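Open the model in your viewer and keep the sequence panel beside it.

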Amino acid sequence: MTTTETIEIEKALEIPTYDKMPMALVRGEGTAVWDADGTRYLDFYGGHCVSLLGHCHPAVVEAVQQQAEKLLFYSNVAHSPVRATAAERLTTLAPDGLGNVFFANSGSEANETALKLARKYTGRSGVVAMEQGWHGRTLGSLATTHDESYRTPYQDVLPETNWIPVGDLAAAEEALASETVAAVILEPIQSIAGMQTLPADYVQGLRALCDEYGTLLVFDEVQTGVGRTGTFSMSEQLGATPDLLSLAKSLGAGVPVSAVLVADAVAETVEPGDQGSTFGGGMLAMAAVEATLKTLVEEDLMARATEIHEQIAAQVGPMVEEVRGRGCLLGLKLDQPVDPVLDALRDRGVLAGGSSDPHVMRLMPPLVASDADVREFADALHTALNTAAAPAETA
Ligand SMILES: Cc1ncc(COP(=O)(O)O)c(C=O)c1O
């Protein structure tokens, strides 16, 4: 099937929820992907911040293949050695104090789980979140489940959210002082907002306020987690440990899986039935998690993430006004609108992403990007910036 045929069929059959790039991908290897017509792209969009180890890392592919031959799936009604091993690896890498895990399938599901656990632990229903924060698209699916036993003690199931400005601890204290707030949820780096890193002293201040007012702190590390920023979680760089920490995108290096890391005190309040997921913790996903985490450590890729950041920052040139983010989660603030630059990059065989700030480009390169990949990206960016900035030719 060609690119054109693929696009026509998807457009005819899928509901139009996505604004897709005009390409149909069929293969990936390392930092590159190829479309149905054989065109190669350097993927600094990282498969939407997912391909931590590059596309089709041999260790992950082999682990999934071997597991597929043994047992594709069994749910959490049974124990599983591959799940036990993945849980061991994950909790070993987790920040101290977050030694318990719940496996799910998507970032939204991980965040919903964190909020449910916080509600049960605190007996409260309020949520405080940051202005510009982004945490997923599901609609508190529990709100529609009729059997009251599943909704108790989570009434009212849709969170009452109070959004506060980042950096304003007085606003946070005002929101928390009512002692009705179950959780404060934040992205340590607000990615979609334009890669804004939350100030460490602000996050530490939130930690102290949460302790004072009996509220749980939730880090949504769906994008920042699993080593992408140079440490396993951003909590290590911010000097504050949350009570609940969500991971997703990079966790299976391309296989759908998410997890919530849970503090002991919270884990002690959890009982069978409080949360569940048919596919969460499935064997294929667990084999991918195990192989991803093993490779991350054995190949010292967290250190490489920081190196890649520094190399990109050194090579992007003066048309980039600011380099934001950490490790392989970067925001480039351009001296011009991003969208034409993204198109010009794609025309040159390079993929990158936009953000809700029209001048900030997002880069989520794999941690296996080579020096040559960074040079290829930087060369393409210089050309794209000049092409996009040039006045259109008149006929
Ligand atoms: C910070 C953050 N949280 C949560 C989500 C939701 O994850 P998912 O799309 O896997 O549900 C995303 C997705 O982009 C995200 O970037």
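What percentage of the 395 residues in the protein do buried residues make up? Buried residues make up 50%, where buried means under 20% relative accessible area, exposed over 50% and partly exposed in between, with a 1.4 Å probe and protein chains only.

This is a predicted model: local features need pLDDT of at least 70, side-chain atom pairs count only at pLDDT 80 or more, and totals for chains, interfaces and linings use all residues. Residues are numbered from 1 along each chain as its sequence is written, and side-chain values use heavy atoms, with hydrogens and water left out.

**Whole chain**

Show the cartoon. The protein has 14 helices and 16 strands. These are DSSP runs numbered from the N terminus: helices are H or I with at least four residues, strands are E with at least two. Switch to the C-alpha trace. Along its principal axes the trace spans about 65 × 55 × 45 Å. The radius of gyration is 21 Å, which agrees with the value near 21 Å for a compact globule of 395 residues. That radius is taken over C-alpha atoms, and the globule rule is 2.2 Å times the number of residues to the power 0.38. Among contacts with a separation of 6 or more, 74% join residues 24 or more positions apart.

**Helix 3 against helix 11**

Select residues 58-70 for helix 3 and 283-298 for helix 11. Two packed helices are described by the angle between their axes and the distance between the axes. Here the axes come within 8 Å and cross at roughly 150°. Axes are lines fitted to C-alpha atoms, for helices over the stretch in contact, and angles run from 0 to 180 degrees between N-to-C directions. Helix 3 and helix 11 are therefore roughly antiparallel. The cut-offs: under 35 degrees is roughly parallel, over 145 roughly antiparallel, 65 to 115 roughly perpendicular, the rest oblique. The crossing of helix 3 and helix 11 is right-handed. A crossing is right-handed if the near helix is turned clockwise from the far one by less than a right angle, and left-handed if anticlockwise.

Show side chains. From helix 3, A59, V60, A63, V64, Q67 and A68 meet M283, L284, A287, A288, A291, T292 and T295 of helix 11. The contact of helix 3 with helix 11 has 10 nonpolar, 3 polar and no charged residues. Nonpolar covers Ala, Val, Leu, Ile, Met, Phe, Trp, Tyr, Cys and Pro; charged covers Asp, Glu, Lys and Arg; the others, Gly among them, are polar.

**Helix 4 against helix 11**

Helix 4 and helix 11 pack at about 35°, axes 8 Å apart. Their crossing is left-handed. V82, R83, T85, A86, R89, L90 and L93 of helix 4 meet M283, M286, A287, V289, E290, L293, K294 and V297 of helix 11. This contact divides into 10 nonpolar, 1 polar and 4 charged residues.

Zoom to T85. Is T85 buried or partly exposed? T85 is partly exposed, with a relative accessible area of 32%.

**P365 and D43**

Center on P365, in the loop between strand 16 (360-363) and helix 14 (371-389). At 0% relative accessibility, P365 is buried. Beyond neighbours within four places in sequence, P365 contacts D43, F44, R228, I308, I312, C328 and L330.

Move to D43 in strand 3, residues 40-43. D43 is buried too, at 3%. Apart from residues up to four places away in sequence, D43 touches T31, V33, S51, H55, L351, P365 and P366.

**Helix 12 against helix 14**

Select helix 12, residues 301-315, with helix 14; the axes come within 10 Å and cross at roughly 30°. That makes the two helices roughly parallel. The crossing is right-handed. R304, I308, Q311, I312 and Q315 of helix 12 meet D371, V374, R375, F377, A378 and H382 of helix 14. This contact has 5 nonpolar, 3 polar and 3 charged residues.

**Two positive phi angles**

Most residues other than glycine have a negative phi. Select C49 in helix 2, residues 46-49. C49 has a positive phi of about 70° and is buried at 0%. Finish at M195, in the loop between strand 8 (189-190) and strand 9 (196-197). M195 has a positive phi of about 60° and counts as buried at 0% relative accessibility.

How values were computed: Contact means heavy atoms within 4.5 Å.
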